[in-house]
Amino acid sequence: MNRAGPQTVRVGCIGLGAWGKNLLREFSRTPGAVVAMACDPAAAARDRAQAQHPGIPLTNSASELLRSDLDAVVVATPPGSHYELASAAIAGGKDVFVEKPLVLDVPSGERLVSQADAQGSILMVGHIMEYHPAVNWLKGYIADGGLGNVYYVYSTRVNLGQLRDNENAMWSLAPHDISMIGYLLDERPRRVSAVGHSYLRSGIEDVVFMTMEFPGNRLAHVHASWLDPHKVRSLTLVGQKRMAVFSDTEPTQKITIFDKGVDVSLNYETYAEYLTLRTGEVHIPLVDNTQPLAIECRHFIDCVRERRRPRSDGQDGLWVLQVLACAQQSLDSGGIPVDIPLQPAPPVAASQR
Ligand SMILES: NC(=O)c1ccc[n+]([C@@H]2O[C@H](COP(=O)([O-])OP(=O)(O)OC[C@H]3O[C@@H](n4cnc5c(N)ncnc54)[C@H](O)[C@@H]3O)[C@@H](O)[C@H]2O)c1
């Protein structure tokens, strides 16, 4: 990345739907950024943007936006259009923030990452959980040995809605969990299996249970569903020393640390002495409550200005995509585990970014 970064980043937002409207709002108030144009073919989405951000020029044509004088483009359209839009933006010399999942197939993802590298463009994927203060608190806690060796984790991301017709619940919801778990463990899974079912529309799974196998016998399970009575966004980590629960639906007390575990004694005479259950105190740490979206948008703008590789760069998008593609293969076969092709290790420790 050898070109100089702009002082003020001129951003163009493509896709102003349910999530894109949040990105538009956030980039409009991110220091060092100005939203210079926004685009959506849907008149209702443009009308809402017009009412909320009267100064921002709007267009119904992504090509018009891509031809205009911009430094960076934000893509928040349905995933089927991510490749075409992101690739066109990079070809036009722009940096790109693309929502998750990066794209829908691995070869396109690889082409996009190579194209961005060859052009010196910054490519960032919207893996928002990697910017969540609670997730970063947990990451530091794990790195400091607070949980001891992490045995296994499980994540639940369920709600009633939002139903999608161009992807199943796994592609829609699980990128958050896959990226978050890989980020927390600083590892990539080797194998994945998934089962699920389509109840509402044929061929679009409403619920998926996915299991990832990490090196060192670590297991990670993800339950993703848009057909569920509860709204749950939670992650449980079971460590050899302590256990942690992160519940993102809690307004403030998002993390609970349980000083619970099973101690193994080397001096024992009976089996009961060999394994001792330990139940200690429960701790709720104070965690910064800045919105992850604000941190994520600021990180992108900082990376564009300083020509830095984002934490959730194209490679990060790519390994998550590989896991999704292998999990889909498993899902299609009724749950047969699929080996995930070896992915590059995380390039730089998060603390160095
Ligand atoms: N990070 C998160 O927490 C999060 C949450 C929800 C959605 N998302 C992601 O954001 C993206 C958009 O999801 P959404 O929920 O906003 O979907 P949505 O269907 O509500 O909105 C998509 C918008 O894109 C517009 N659009 C479609 N094709 C376009 C094109 N070629 N050019 C310009 N605009 C186009 C549509 O008119 C629509 O307004 C998806 O990739 C989704 O996975 C991320």
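This is a predicted model: local features need pLDDT of at least 70, side-chain atom pairs count only at pLDDT 80 or more; totals for chains, interfaces and linings use all residues.
**View 1. The shell around the ligand.** Among the 20 residues around the ligand, those that come nearest are Ala18, Trp19, Asp40, Lys100 and Arg164; a residue belongs here if one of its heavy atoms lies within 4 Å. The shell has nine nonpolar, seven polar and four charged residues, where Asp, Glu, Lys and Arg count as charged.

View 2. Polar contacts are pairs of N or O atoms within 3.5 Å. Oxygen atoms of the ligand lie 2.9 Å from a polar side-chain atom of Arg164, 3.1 Å from a side-chain N or O atom of His82 and 3.4 Å from one of His176. The protein buries 79% of the 860 Å² that the ligand exposes when taken alone, by the Shrake-Rupley method with a 1.4 Å probe.

**View 3. The ligand between two domains.** Because domain 1 (9-121) and domain 2 (130-291 + 320-352) both give residues to the shell, the ligand lies between them. Their C-alpha centres are 30 Å apart, and 10 residues of domain 1 are in contact (heavy atoms within 4.5 Å) with 11 residues of domain 2. Domain bounds come from an automatic or database assignment.

**Notes.** Residues are numbered from 1 along each chain as its sequence is written, and side-chain values use heavy atoms, without hydrogens and water. Local features need pLDDT of at least 70 and side-chain atom pairs pLDDT 80 or more, whereas totals for chains, interfaces and linings use all residues.

Conventions: A polar contact is a pair of N or O atoms within 3.5 Å; within protein, one must be able to donate a hydrogen and the other to accept it, and residues adjacent in sequence count only if both atoms are side-chain atoms.
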